[in-house]
Amino acid sequence: MDILKAATDWAKAELFSTPFFMLFGMAFLVASIGFWQLGKTEMARAYIIPTLVAGCLLLIIGLGLFFTNRSRITQFEKAYQTDAAAFVDAELERAQATLKEYDTIVFTAIPIIIIACALVLLLVSSPIWRASMITTIAMLVVILLVDGTAHARIDGYNKQLQLAAKEMNT
């Protein structure tokens, strides 16, 4: 098993995935501009700031993940060439920590926040609060969609790392 190839393939798949955050971020920004230019009702005007904020946050997330994963590709090769066993151990530890973060944040906290936003949506009638809650729910759904696929990829990568660690220890 070539764990360096698996690590590089994982990072390249992440490079393909993270621009979706940026794509959705741009869509939110375009929506914000649309609400600003075309919004006639109070409710439509209330979406301007929430969609602007959500778009900026998604762009920041996407850019941060993109540049982090892009730099990992070259770091992987250097770390593997220096000490393959230490590389596998470090990656295994990182992958397992990331999986725990996904379980805590993406698959527990985000659904709870979505439920809380939905409850607030039922209880308030102010346009800015409604627009904020709907936009927050939409942004969190985007994060769930993109991170759901990222979770599956890192889970598979983690399994490959576990196999490589066993092979190196035998």
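Reader: Which helices each supply at least two residues of the lining of the largest pocket?

Author: Those are α1, α4, α5 and α6. Keep in mind that this is a predicted model.

Reader: Which one gives the largest share of the lining?

Author: That is α5, with eight residues.

Reader: How many residues line the largest pocket, and which lie nearest its centre?

Author: The lining has 24 residues. Nearest the centre are Leu65, Thr98, Glu101, Tyr102 and Asp147.

Reader: And how much space lies in there?

Author: About 460 Å³ lies in the largest pocket.

Reader: New topic. How many aromatic pairs does the structure hold?

Author: Seven. Take Phe35 and Tyr47 as an example. Their ring centres are 4.9 Å apart, and their planes sit at 20 degrees.

Reader: Why is that pair stacked?

Author: Planes under 30 degrees apart count as stacked. The planes of Phe35 and Tyr47 are at 20 degrees, so this pair is stacked.

Reader: Where do Phe35 and Tyr47 lie?

Author: Phe35 is in helix α2, residues 19-38. Tyr47 is in the loop between α3 (42-46) and α4 (48-82). The two parts are twelve residues apart in sequence, and the pair ties them together.

Reader: Is Tyr47 buried or exposed?

Author: Tyr47 counts as buried, at 14% relative accessibility. Phe35 is partly exposed, with a relative accessible area of 27%.

Reader: What about Phe76 and Phe87, how are their rings arranged?

Author: Edge-to-face. The centres are 5.5 Å apart and the planes are at 75 degrees. Phe76 is in helix α4 and Phe87 is in helix α5, residues 84-123. They are eleven residues apart, and the pair links distant parts of the chain. Both Phe76 and Phe87 are buried.

Reader: Which residues form one aromatic cluster?

Author: Trp10, Phe76, Tyr80, Phe87 and Tyr157.

Reader: What does Arg72 touch?

Author: Trp10 and Arg94, leaving out residues up to four places away in sequence. Arg72 is found in helix α4.

Reader: What is the nearest side chain of opposite charge to Arg72?

Author: Glu91, 5.5 Å away. Arg72 is buried yet has no salt bridge. A salt bridge needs the nitrogen and oxygen within 4 Å.

Reader: Then what does Glu91 form with Arg94?

Author: A salt bridge, with the closest N and O atoms 2.7 Å apart. Arg94 and Glu91 are three residues apart in helix α5, about one helical turn. Both Arg94 and Glu91 are buried.

Reader: How many salt bridges does a search of the whole structure find?

Author: Four. One of them joins Lys5 and Asp9, with the closest N and O atoms 2.8 Å apart.

Reader: How many residues apart are Lys5 and Asp9?

Author: Four, in helix α1, residues 3-17. That is about one helical turn. Asp9 is partly exposed, with a relative accessible area of 36%.

Reader: And what meets Glu14 in a salt bridge?

Author: The side chain of Arg153 does, at 2.8 Å from N to O. Arg153 lies in helix α6 (residues 127-169) and Glu14 in helix α1, so the pair ties together parts that are 139 residues apart in sequence.

Reader: Is Glu14 buried or exposed?

Author: Glu14 is buried, with a relative accessible area of 7%. Arg153 counts as partly exposed, at 23% relative accessibility.

Methods: Residues are numbered from 1 along each chain as its sequence is written. This is a predicted model: local features need pLDDT of at least 70, side-chain atom pairs count only at pLDDT 80 or more; totals for chains, interfaces and linings use all residues. Side-chain values use heavy atoms; hydrogens and water are left out. Rings of Phe, Tyr and Trp (its six-membered ring) pair if their centres lie within 6.5 Å; planes under 30 degrees apart count as stacked, over 60 as edge-to-face and the rest as tilted. Buried means under 20% relative accessible area, exposed over 50%, partly exposed in between (1.4 Å probe, protein chains only). Lys and Arg count as positive and Asp and Glu as negative; His and the chain ends are not counted. Contact means heavy atoms within 4.5 Å. On a 1 Å grid over the protein atoms alone, a cavity is a set of points where a 1.4 Å probe fits but cannot get out, and a pocket is an open set with protein on both sides within 12 Å along at least five of seven lines; lining residues have an atom within 4 Å of a point. Grid points are joined across faces, edges and corners, and a volume is the space filled by probe spheres set on the points.
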